[in-house]
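Here is a short note to read beside the structure. Please take the points in order.

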Amino acid sequence: MLTFPKAKINLGLEIVEKRPDGYHNLQTLFYPIPLTDVLEICSGVETFSFDGGDALSDCPVEQNLVVKAYRMMEARYGLPPVKIILRKHIPHGAGLGGGSSDAASTLVMLNDLFHLNCSREELALMGARLGADVPCFLYDSPTYGEGIGDILTPFDSFSLKGYHLLLLLPDIYISTPEAYSGVCPMKPEVGLRERLNLPLKEWRGVVSNRFESSLFPRHPHLVELKELLYRQGALYASMSGSGSAMYGIFDSEPDLYSFKTWRTFLMKL
């Protein structure tokens, strides 16, 4: 069984408050984009194996979210061994959710492959144990996230179809602990959901990623990339998740010459 786990971008991200358990409540819109990994799961084997390719050679096998997802369902449902092959194209540590998307796809594939008949809600509960944003990848559509990102509601009325998305991948790795260490939780006067209903051309300065306020002073290069995206005609530009990927949304295909210094992904939504 073969599938292609999608990346996501965050359209706005508010860190609302810190919870007693140490996590943070947030508001964000998870938007799937056509940048994918490749994941294959094969049954009918005698022993479990995981091939993550060169991109995951430094990660202990049992720490990979795909393997954790399998181990969770193996323990719960007594699954037989499988062979898993993962090829990464979604950059790691960029705020695009690649690992979480791989884990979500693993849950769905195992559910289908072994006819477990788990509902989407049951898979979401399992996914939340693996990572706060795993459940959003169970839905191939925009979803509004609250809580730690695990309380999801459809945002089907919203679409970026027809726009061009340019991702910039600077050579900067931002860990989740670093991202949260400098953030100041704050309840916005106007909720993110209401601001997202504004026309896209009015989002600049209104729809924001709270992580930018703490990470931009530490990584001024990210500020330069955001400003460059706007200078080249982006209707809206932002950091995705906790970074470091920056993206711009354009109404027509941008000229990539100005971005030739960086690794880029250009796609039509």
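1. Cys136 is buried, because its relative accessible area is 5%; buried means under 20%, exposed over 50%, and partly exposed in between (1.4 Å probe, protein chains only). Cys184 is exposed, with a relative accessible area of 53%.

2. A caution on the source: this is a predicted model, where local features need pLDDT of at least 70, side-chain atom pairs count only at pLDDT 80 or more, and totals for chains, interfaces and linings use all residues. Residues are numbered from 1 along each chain as its sequence is written, and side-chain values use heavy atoms, with hydrogens and water left out.

3. Four strands form an open sheet, ordered E2-E3-E7-E8, with antiparallel pairing. Strands (E, at least two residues) and helices (H or I, at least four) are DSSP runs, numbered from the N terminus. Two strands pair if DSSP finds at least two bridges between them. E2 (6-18) and E8 (151-154) stand at the edges; each has a single partner strand, so one side of each lacks a neighbour in the sheet.

4. E2 and E3 (residues 24-36) run antiparallel and are joined by 11 bridges. Glu14 stands opposite Gln27 in E3.

5. Last, Glu74. This residue lies in helix H1 (residues 65-77). Glu74 is partly exposed, because its relative accessibility is 26%. Glu74 and Gly162 are 88 residues apart in sequence and 41 Å apart in space, C-alpha to C-alpha.
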